[in-house]
Each structure stands twice: as C-alpha cells, then as structure tokens.
Amino acid sequence: MTTGTLEADRVLQKKLCEIVTSKTGIQLPENKRTMIEGRLRKRVRALGVRDLRTYLSMVMNDGMLETELPHIINVMTTNKTDFFREDAHFDYLVRNVLPEHAAGRPFKVWSAASSSGEEAYTTAMVLNEHAKRKPGFTYSIIGTDLSTEVVRKARKGIYTPEEIVDVPDDMQALYLEQGHDSVGRPLSRVVKQLRDRVGFAQMNLMDKVYPVEKNLDVVFLRNVLIYFDEVTQRQVVSSVTDHLKPGGYLFVGHSETSVASDPRLVQKSAAVFRKEA
Ligand SMILES: C[S@@+](CC[C@H](N)C(=O)[O-])C[C@H]1O[C@@H](n2cnc3c(N)ncnc32)[C@H](O)[C@@H]1O
C-alpha cells in the first residue's frame, strides 16, 4: 500500500468523523484515531467487509452513508454507565429535592443521556422508596439517548450480574427479578412495577426541539457534555434548562460542573444546579 492510499483513507475517515460530529456533537479528534478505527472495525466485522479501507470507501463513495450512519453513531458513542453512579446525587435528591415537592402533582424526571437505562432505573428505585413513605406521591421518568442500541437495551431492563453490582442488596431484592439466559447464565430484570414508570426514546441532544415535556422537576444530564465542544455544551445546557420548571434541578457529571453555565442556574452542591424562578 502506498503512502498516497494511506493518506486517501485518512481523508475519507476524517470526512466521516466530521459528519458524525456535525450530527451528534461528539468530538472525534485526530488523536483518537486508534479508538475511532477500533470502533469502525465493529461495522467491518458485522457486515463481513474485507477491511476498513473497503468499508470507508463503501460508506463515503458508494452511497452507503445514509444506511450506515445510525450504526456508525451507535459504535461511536461511549455508553459507560452504572446503577447508583455518582450516588451523592441520589442522596441529594432524597434529602433536598423531594422534601420541596408539592403534593398533588407527579414528580417528573428526565434522564437526558440515559445510555442503557441504569440512571433512570436507579431513580425509579429511589422514588419508589420515597413513595412508600409518602402516600399519594407519584412519579414518571423518561430516558433518552442518541444510540438506538442502548435505548433497546434500556427498554428491556435486563442486566448481567456484573452490571448490577452497585445495586444495594435490599434494592436488588425489591426491584430486580432473577432469571437466566438461554444457556443458563444469570440475568436480572427490573420489575414491571418500575418498568411501567420509566419510558425510553431515541433522541439527539443536538436537535433544535426536544420532544420532551417542559416543567420537569429534575433532569439528569450526566457524563455526556464531556464529549461536546464548548459551544455545543452551552447550547445543550440551555435547551435542557428550558425543560425544567422554575425551582427544578439539573444534575451534571462531577467532571462537568464548570460547563453548566446557564444564567438561570444556581449551583447548590457538587454538580447540582437549581433553576431559579
Ligand atoms: C457515558 S454515557 C452516560 C450515561 C449516564 N448519563 C451516566 O452518567 O451514567 C453517555 C451517553 O450519552 C449519549 N450521547 C452522546 N451524544 C449524544 C447526543 N448528541 N444526544 C443524546 N445522547 C448522546 C451516548 O449515546 C451515551 O449513551
């Protein structure tokens, strides 16, 4: 292979990355090339294509971009998440946010980059416990994510033993049903009582309008802003804040505190913001 062909492949890959960034906001700089190629190779294997060069050429030159783009976006997203991740946020919710909630209307939460559902189901467990102490308390949770693959997994609510390690034993007993896959490996499923309160949809935070209701009590926007550039971060924080009720709370990832710079937001705790009335 000549230096010229290598260079041509790089140009194609760079163009593809620019398209992905413009659609998703996810930054894919040159210094992440090894990671990017590793992820694109998943598509090479899935389609049984000869190699990455052939795949890039099919996508960029032979009209396959439109059909491949959703798959490329799925492999380009980083979906790492956990139940009870950054658990101080759930303590804050119980101690500070829920006591302020006026009785009579449902408590509404949006997990705005929900990945495979752990954040939304953790919230459901916490809110369900609160409901036991507060008769009449009701809630609804919506989780959205760019990746169609993780949204599919979130809807199922089925997790491996490794994925549920951070769920406390008492919560596991109450909210996870034990089962197994077709070859007998253990799996846990979130109970129907919680699944019925949590809906999931595919949604891009880069969209101008979000098909999510306004006047929400809480939005989790955690560990997704880090993938965006500064302008996109500001835009997304502002658009998401539009969906909070006055007095509603925005939780961002602990490394994202400096990014939540909307003038309507007042910081209340580490990575916790309240929208002022
Ligand atoms: C690292 S996970 C964070 C999951 C969860 N919020 C948490 O903190 O554990 C980041 C998620 O953001 C999603 N994401 C990335 N860009 C997005 C976009 N433009 N719109 C919606 N979701 C996006 C990814 O698909 C991924 O599932």
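Predicted model: local features only at pLDDT ≥ 70, side-chain atom pairs only at ≥ 80, totals over all residues.

Reader: What about S4, how many bridges join it to S5?

Author: Five bridges join strand S4 (residues 176-180) to S5, and these two run antiparallel. In that pairing, Glu177 stands opposite Arg189 in S5.

Reader: What do S4 and S5 form, and how many residues sit between them?

Author: A hairpin, with five residues between the two strands. Gly184 is in the turn and has a positive phi of about 90°.

Reader: OK, on to the open sheet. What's the strand order?

Author: The order is S6-S2-S1-S7-S8-S10-S9, so seven strands in an open sheet with mixed pairing. At the edges are strand S6 (198-202) and strand S9 (265-269), each pairing on one side only. From one strand to the next, the twist averages 20°.

Reader: How do S9 and S10 run, parallel or antiparallel?

Author: Antiparallel, with four bridges joining S9 to strand S10 (residues 272-275). Gln267 has Phe273 in S10 as its bridge partner.

Reader: Which strands does H5 touch?

Author: Helix H5 (residues 88-97) packs on the sheet and touches strand S1 (107-111), strand S7 (216-221), strand S8 (244-252), S9 and S10. The direction of H5 makes about 155° with that of S8.

Reader: And where does H7 lie?

Author: Helix H7 (residues 148-156) lies across strand S2 (139-145) and S6, and runs at about 165° to S6.

Reader: Switching to helix pairs: at what angle do H3 and H4 cross?

Author: Roughly 120°, with the axes of helix H3 (residues 52-61) and helix H4 (residues 65-76) coming within 8 Å. H3 and H4 are therefore oblique to each other.

Reader: Which residues meet there?

Author: From H3 it's Tyr55, Val59 and Met60, and they meet Leu65, Glu68 and Ile72 in H4. The residues of that contact of H3 with H4 divide into five nonpolar, no polar and one charged.

Terms used:
Residues numbered from 1 in each chain as written. Heavy atoms only, no water. Axes fitted to C-alpha atoms, helices over the stretch in contact; angles between N-to-C directions. Parallel < 35°, antiparallel > 145°, perpendicular 65-115°, else oblique. Contact = heavy atoms within 4.5 Å. Nonpolar A, V, L, I, M, F, W, Y, C, P; charged D, E, K, R; others polar.
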